[in-house]
2 protein chains.
Amino acid sequence: MKKTLRRVALGLSLILVSGALAAQVIGKAEDQIRWRQSAYNTMAWSMGRIKANLEGSFSKEQVVQAANTIQAIANSGMGALYQPGTDKGSGHHETSVKSEFFKEQDKVKELAMAYNREANEMAKVAATGDAAAAKIQFGKLGESCKACHDKFRKEEKK
Amino acid sequence: MKKTLRRVALGLSLILVSGALAAQVIGKAEDQIRWRQSAYNTMAWSMGRIKANLEGSFSKEQVVQAANTIQAIANSGMGALYQPGTDKGSGHHETSVKSEFFKEQDKVKELAMAYNREANEMAKVAATGDAAAAKIQFGKLGESCKACHDKFRKEEKK
(Lines give C-alpha, C1' and ligand atoms only; values in the text may rest on other atoms or scores of the structure.)
Protein backbone atom coordinates (compact mmCIF):
# COMPACT_ATOMS: atom_id res chain seq x y z
CA MET A 1 0.00 0.00 0.00
CA LYS A 2 2.78 2.36 0.99
CA LYS A 3 4.62 1.43 -2.19
CA THR A 4 1.51 2.09 -4.29
CA LEU A 5 1.04 5.50 -2.66
CA ARG A 6 4.65 6.31 -3.33
CA ARG A 7 4.20 5.34 -6.97
CA VAL A 8 1.06 7.45 -7.26
CA ALA A 9 2.86 10.37 -5.63
CA LEU A 10 5.82 9.94 -7.96
CA GLY A 11 3.51 9.74 -10.94
CA LEU A 12 1.70 12.91 -9.88
CA SER A 13 4.90 14.84 -9.34
CA LEU A 14 6.18 13.79 -12.76
CA ILE A 15 2.94 15.04 -14.30
CA LEU A 16 3.28 18.31 -12.40
CA VAL A 17 6.90 18.75 -13.48
CA SER A 18 6.23 17.94 -17.11
CA GLY A 19 3.14 20.14 -17.02
CA ALA A 20 5.19 23.03 -15.73
CA LEU A 21 7.80 22.48 -18.42
CA ALA A 22 5.14 22.24 -21.11
CA ALA A 23 3.62 25.55 -20.00
CA GLN A 24 7.02 27.20 -19.94
CA VAL A 25 8.06 26.35 -23.48
CA ILE A 26 6.21 28.45 -25.99
CA GLY A 27 6.99 29.43 -29.54
CA LYS A 28 8.75 27.88 -32.48
CA ALA A 29 12.55 27.97 -32.73
CA GLU A 30 12.47 31.24 -34.70
CA ASP A 31 10.15 32.82 -32.11
CA GLN A 32 12.43 31.79 -29.25
CA ILE A 33 15.48 33.20 -31.04
CA ARG A 34 13.62 36.45 -31.80
CA TRP A 35 12.37 36.77 -28.22
CA ARG A 36 15.78 36.23 -26.67
CA GLN A 37 17.37 38.71 -29.11
CA SER A 38 14.65 41.19 -28.14
CA ALA A 39 15.26 40.64 -24.43
CA TYR A 40 19.03 41.21 -24.86
CA ASN A 41 18.30 44.30 -26.92
CA THR A 42 16.03 45.67 -24.21
CA MET A 43 18.77 45.06 -21.65
CA ALA A 44 21.32 46.74 -23.96
CA TRP A 45 19.10 49.82 -24.21
CA SER A 46 18.79 49.86 -20.42
CA MET A 47 22.55 49.49 -19.93
CA GLY A 48 23.05 52.36 -22.37
CA ARG A 49 20.66 54.52 -20.36
CA ILE A 50 22.45 53.84 -17.09
CA LYS A 51 25.79 54.63 -18.75
CA ALA A 52 24.41 57.90 -20.15
CA ASN A 53 23.18 58.86 -16.69
CA LEU A 54 26.53 58.04 -15.09
CA GLU A 55 28.43 60.04 -17.71
CA GLY A 56 25.98 62.93 -17.98
CA SER A 57 23.54 64.30 -15.44
CA PHE A 58 22.32 61.59 -13.08
CA SER A 59 18.55 61.03 -12.91
CA LYS A 60 17.65 58.56 -10.20
CA GLU A 61 14.28 57.95 -11.86
CA GLN A 62 15.84 56.92 -15.17
CA VAL A 63 18.46 54.70 -13.57
CA VAL A 64 15.76 52.97 -11.50
CA GLN A 65 13.61 52.45 -14.62
CA ALA A 66 16.54 50.93 -16.50
CA ALA A 67 17.81 48.82 -13.58
CA ASN A 68 14.32 47.46 -12.87
CA THR A 69 13.96 46.46 -16.53
CA ILE A 70 17.29 44.63 -16.48
CA GLN A 71 16.38 42.94 -13.19
CA ALA A 72 12.99 41.74 -14.43
CA ILE A 73 14.44 40.27 -17.62
CA ALA A 74 17.37 38.70 -15.75
CA ASN A 75 14.81 36.98 -13.52
CA SER A 76 12.36 36.14 -16.30
CA GLY A 77 13.51 32.57 -16.79
CA MET A 78 14.59 33.27 -20.34
CA GLY A 79 16.64 30.07 -20.26
CA ALA A 80 13.38 28.56 -21.56
CA LEU A 81 14.15 30.31 -24.87
CA TYR A 82 17.14 28.03 -25.49
CA GLN A 83 15.32 24.84 -26.38
CA PRO A 84 17.07 22.13 -28.41
CA GLY A 85 17.04 23.15 -32.06
CA THR A 86 17.60 26.85 -31.34
CA ASP A 87 21.39 26.63 -31.62
CA LYS A 88 21.03 27.64 -35.26
CA GLY A 89 18.46 29.78 -37.01
CA SER A 90 17.19 33.31 -37.29
CA GLY A 91 15.00 35.56 -35.20
CA HIS A 92 15.53 39.24 -36.01
CA HIS A 93 18.85 37.99 -37.42
CA GLU A 94 20.98 34.85 -37.26
CA THR A 95 21.55 33.71 -33.69
CA SER A 96 24.95 34.56 -32.21
CA VAL A 97 24.92 31.73 -29.68
CA LYS A 98 27.82 29.27 -29.79
CA SER A 99 27.00 25.57 -29.82
CA GLU A 100 29.00 25.20 -26.57
CA PHE A 101 26.12 26.94 -24.79
CA PHE A 102 23.98 23.82 -25.23
CA LYS A 103 26.74 21.46 -24.08
CA GLU A 104 28.08 23.27 -21.02
CA GLN A 105 24.93 23.77 -19.01
CA ASP A 106 26.74 23.90 -15.66
CA LYS A 107 28.86 26.81 -16.88
CA VAL A 108 25.79 28.52 -18.34
CA LYS A 109 24.02 28.20 -15.02
CA GLU A 110 27.02 29.55 -13.11
CA LEU A 111 27.30 32.61 -15.38
CA ALA A 112 23.54 33.18 -15.39
CA MET A 113 23.36 33.07 -11.61
CA ALA A 114 26.25 35.52 -11.28
CA TYR A 115 24.48 37.83 -13.73
CA ASN A 116 21.22 37.56 -11.79
CA ARG A 117 22.98 38.48 -8.55
CA GLU A 118 24.55 41.59 -10.12
CA ALA A 119 21.26 42.60 -11.78
CA ASN A 120 19.36 42.29 -8.49
CA GLU A 121 22.06 44.30 -6.75
CA MET A 122 21.96 46.96 -9.51
CA ALA A 123 18.23 47.48 -8.91
CA LYS A 124 18.85 47.72 -5.16
CA VAL A 125 21.65 50.26 -5.57
CA ALA A 126 19.65 52.29 -8.12
CA ALA A 127 16.81 52.62 -5.62
CA THR A 128 19.15 54.39 -3.18
CA GLY A 129 19.92 57.11 -5.76
CA ASP A 130 23.63 56.95 -4.88
CA ALA A 131 25.39 57.75 -8.17
CA ALA A 132 28.85 56.68 -6.99
CA ALA A 133 27.57 53.30 -5.79
CA ALA A 134 25.58 52.92 -9.01
CA LYS A 135 28.76 53.45 -11.02
CA ILE A 136 30.59 50.69 -9.13
CA GLN A 137 27.67 48.27 -9.44
CA PHE A 138 27.22 49.10 -13.12
CA GLY A 139 30.83 48.02 -13.66
CA LYS A 140 30.20 44.69 -11.90
CA LEU A 141 27.00 44.12 -13.86
CA GLY A 142 28.80 44.84 -17.15
CA GLU A 143 31.54 42.34 -16.23
CA SER A 144 28.92 39.65 -15.61
CA CYS A 145 27.40 40.31 -19.07
CA LYS A 146 30.84 40.16 -20.67
CA ALA A 147 31.75 36.88 -18.97
CA CYS A 148 28.92 35.15 -20.79
CA HIS A 149 29.46 36.98 -24.10
CA ASP A 150 33.16 36.02 -24.09
CA LYS A 151 32.33 32.37 -23.57
CA PHE A 152 29.10 31.80 -25.46
CA ARG A 153 28.55 34.57 -28.02
CA LYS A 154 30.02 34.51 -31.51
CA GLU A 155 31.83 37.59 -32.74
CA GLU A 156 29.17 39.96 -34.01
CA LYS A 157 29.32 40.74 -37.69
CA LYS A 158 30.07 44.38 -38.39
CA MET B 1 17.83 90.97 -5.60
CA LYS B 2 14.75 88.78 -5.31
CA LYS B 3 14.29 89.03 -9.07
CA THR B 4 17.93 88.06 -9.67
CA LEU B 5 17.57 85.04 -7.40
CA ARG B 6 14.43 84.04 -9.22
CA ARG B 7 16.27 84.33 -12.53
CA VAL B 8 19.17 82.23 -11.26
CA ALA B 9 16.73 79.66 -9.90
CA LEU B 10 14.88 79.57 -13.19
CA GLY B 11 18.16 79.23 -15.07
CA LEU B 12 19.24 76.36 -12.84
CA SER B 13 15.96 74.54 -13.18
CA LEU B 14 16.10 74.87 -16.96
CA ILE B 15 19.60 73.41 -16.92
CA LEU B 16 18.40 70.56 -14.70
CA VAL B 17 15.42 69.86 -16.94
CA SER B 18 17.41 69.96 -20.16
CA GLY B 19 20.14 67.89 -18.51
CA ALA B 20 17.61 65.26 -17.55
CA LEU B 21 16.18 65.23 -21.05
CA ALA B 22 19.64 65.00 -22.60
CA ALA B 23 20.49 62.00 -20.43
CA GLN B 24 17.20 60.33 -21.26
CA VAL B 25 17.53 60.46 -25.03
CA ILE B 26 20.09 57.99 -26.26
CA GLY B 27 20.61 56.33 -29.62
CA LYS B 28 20.04 57.24 -33.24
CA ALA B 29 16.57 56.97 -34.79
CA GLU B 30 17.23 53.40 -35.95
CA ASP B 31 18.43 52.42 -32.46
CA GLN B 32 15.31 53.89 -30.85
CA ILE B 33 13.05 52.04 -33.30
CA ARG B 34 14.95 48.78 -32.74
CA TRP B 35 14.83 49.18 -28.95
CA ARG B 36 11.12 49.88 -28.86
CA GLN B 37 10.41 46.94 -31.19
CA SER B 38 12.52 44.78 -28.87
CA ALA B 39 10.66 45.99 -25.80
CA TYR B 40 7.28 45.23 -27.43
CA ASN B 41 8.57 41.82 -28.48
CA THR B 42 9.68 41.06 -24.94
CA MET B 43 6.24 42.04 -23.68
CA ALA B 44 4.61 39.87 -26.39
CA TRP B 45 6.69 36.89 -25.25
CA SER B 46 5.62 37.55 -21.68
CA MET B 47 1.96 37.88 -22.64
CA GLY B 48 2.24 34.58 -24.51
CA ARG B 49 3.70 32.93 -21.42
CA ILE B 50 0.88 34.14 -19.17
CA LYS B 51 -1.67 32.95 -21.74
CA ALA B 52 -0.01 29.50 -21.93
CA ASN B 53 -0.11 29.25 -18.14
CA LEU B 54 -3.77 30.23 -18.03
CA GLU B 55 -4.69 27.73 -20.72
CA GLY B 56 -2.40 24.92 -19.54
CA SER B 57 -1.08 24.13 -16.11
CA PHE B 58 -0.67 27.27 -14.02
CA SER B 59 2.79 27.98 -12.64
CA LYS B 60 2.75 30.94 -10.29
CA GLU B 61 6.52 31.34 -10.73
CA GLN B 62 6.27 31.69 -14.50
CA VAL B 63 3.33 34.08 -14.37
CA VAL B 64 5.18 36.25 -11.85
CA GLN B 65 8.31 36.27 -14.03
CA ALA B 66 6.29 37.31 -17.08
CA ALA B 67 4.14 39.87 -15.25
CA ASN B 68 7.19 41.47 -13.62
CA THR B 69 8.86 41.78 -17.02
CA ILE B 70 5.80 43.47 -18.49
CA GLN B 71 5.53 45.77 -15.47
CA ALA B 72 9.18 46.84 -15.63
CA ILE B 73 9.01 47.65 -19.34
CA ALA B 74 5.66 49.44 -18.94
CA ASN B 75 7.32 51.63 -16.32
CA SER B 76 10.63 52.02 -18.15
CA GLY B 77 9.86 55.39 -19.66
CA MET B 78 10.08 54.00 -23.17
CA GLY B 79 8.24 57.09 -24.44
CA ALA B 80 11.80 58.44 -24.75
CA LEU B 81 12.21 56.10 -27.72
CA TYR B 82 9.71 58.11 -29.76
CA GLN B 83 11.84 61.15 -30.53
CA PRO B 84 11.01 63.37 -33.51
CA GLY B 85 12.30 61.68 -36.66
CA THR B 86 11.40 58.17 -35.52
CA ASP B 87 7.97 58.20 -37.17
CA LYS B 88 9.56 56.54 -40.18
CA GLY B 89 12.52 54.21 -40.47
CA SER B 90 13.69 50.73 -39.63
CA GLY B 91 14.89 48.98 -36.50
CA HIS B 92 14.56 45.21 -36.77
CA HIS B 93 12.02 46.05 -39.45
CA GLU B 94 10.07 49.10 -40.65
CA THR B 95 8.30 50.85 -37.80
CA SER B 96 4.56 50.19 -37.49
CA VAL B 97 3.80 53.43 -35.69
CA LYS B 98 1.22 55.73 -37.26
CA SER B 99 2.13 59.38 -37.70
CA GLU B 100 -0.89 60.27 -35.50
CA PHE B 101 1.11 59.00 -32.52
CA PHE B 102 3.37 62.05 -32.74
CA LYS B 103 0.46 64.49 -33.11
CA GLU B 104 -1.94 63.23 -30.45
CA GLN B 105 0.27 63.22 -27.39
CA ASP B 106 -2.62 63.65 -24.95
CA LYS B 107 -4.27 60.50 -26.26
CA VAL B 108 -0.93 58.65 -26.21
CA LYS B 109 -0.46 59.65 -22.59
CA GLU B 110 -3.98 58.57 -21.65
CA LEU B 111 -3.55 55.13 -23.27
CA ALA B 112 -0.04 54.71 -21.83
CA MET B 113 -1.22 55.52 -18.32
CA ALA B 114 -4.12 53.07 -18.61
CA TYR B 115 -1.68 50.42 -19.80
CA ASN B 116 0.70 51.15 -16.90
CA ARG B 117 -2.13 50.79 -14.40
CA GLU B 118 -3.15 47.38 -15.80
CA ALA B 119 0.48 46.21 -15.97
CA ASN B 120 1.09 47.18 -12.34
CA GLU B 121 -2.13 45.43 -11.34
CA MET B 122 -1.13 42.32 -13.33
CA ALA B 123 2.12 42.04 -11.36
CA LYS B 124 0.21 42.48 -8.11
CA VAL B 125 -2.36 39.81 -9.00
CA ALA B 126 0.36 37.41 -10.26
CA ALA B 127 2.11 37.64 -6.89
CA THR B 128 -1.00 36.29 -5.17
CA GLY B 129 -0.90 33.12 -7.29
CA ASP B 130 -4.67 33.30 -7.84
CA ALA B 131 -5.17 31.85 -11.33
CA ALA B 132 -8.80 33.00 -11.67
CA ALA B 133 -7.91 36.58 -10.76
CA ALA B 134 -4.89 36.42 -13.07
CA LYS B 135 -7.16 35.43 -15.95
CA ILE B 136 -9.44 38.42 -15.36
CA GLN B 137 -6.54 40.84 -15.05
CA PHE B 138 -4.83 39.35 -18.12
CA GLY B 139 -7.97 40.20 -20.09
CA LYS B 140 -7.90 43.81 -18.88
CA LEU B 141 -4.20 44.11 -19.65
CA GLY B 142 -4.73 42.75 -23.15
CA GLU B 143 -7.53 45.27 -23.74
CA SER B 144 -5.22 48.13 -22.74
CA CYS B 145 -2.59 46.89 -25.26
CA LYS B 146 -5.22 46.62 -27.97
CA ALA B 147 -6.59 50.12 -27.35
CA CYS B 148 -3.22 51.59 -28.33
CA HIS B 149 -2.60 49.16 -31.22
CA ASP B 150 -6.03 49.97 -32.69
CA LYS B 151 -5.33 53.68 -32.60
CA PHE B 152 -1.61 54.01 -33.31
CA ARG B 153 -0.27 50.84 -34.93
CA LYS B 154 -0.42 50.20 -38.66
CA GLU B 155 -1.79 46.88 -39.88
CA GLU B 156 1.06 44.40 -39.68
CA LYS B 157 2.17 42.98 -43.01
CA LYS B 158 1.61 39.24 -43.24
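1. A residue is called buried under 20% relative accessible area, exposed over 50%, and partly exposed in between. By this rule A:Cys148, with a relative accessible area of 23%, is partly exposed. The model under discussion is a predicted one.

2. As to overall architecture, chain A contains six helices and zero strands. Read from the N terminus, its elements follow the order α-α-α-α-α-α.

3. Chain A has 158 residues, of which 37% count as buried. The chain exposes about 9,000 Å², and 58% of this area is supplied by carbon and sulfur atoms. Where contacts join residues at least 6 apart in the sequence of chain A, 73% of them link residues at least 24 apart.

4. The record deserves attention next. An unreviewed UniProt entry lists A:Cys145, A:Cys148 and A:His149 under "binding site". Such an annotation may be inferred rather than shown by experiment.

5. Of the listed positions, A:Cys145 is placed in helix H6 of chain A, which spans residues 131-152. Is A:Cys145 buried or exposed? A:Cys145 counts as buried because its relative accessibility is 18%, and the cut-off for buried is under 20%. Leaving aside residues up to four places away in sequence, A:Cys145 touches A:Met47 and A:Tyr115.

6. A:Cys148 likewise lies in helix H6 of chain A. Its relative accessible area of 23% makes A:Cys148 partly exposed, since that class lies between 20% and 50%. Which residues does A:Cys148 touch, not counting those up to four places away in sequence? They are A:Leu111 and A:Arg153.

How values were computed. Residues are numbered from 1 along each chain as its sequence is written. Chains are lettered from A and ligands numbered from 1 in the order in which they are written. This is a predicted model: local features need pLDDT of at least 70, side-chain atom pairs count only at pLDDT 80 or more; totals for chains, interfaces and linings use all residues. Side-chain values use heavy atoms; hydrogens and water are left out. Helices (H or I, at least four residues) and strands (E, at least two) are DSSP runs, numbered from the N terminus. Buried means under 20% relative accessible area, exposed over 50%, partly exposed in between (1.4 Å probe, protein chains only). Contact means heavy atoms within 4.5 Å. Accessible areas come from the Shrake-Rupley method with a 1.4 Å probe; for residues, only the protein chains shown count as cover.
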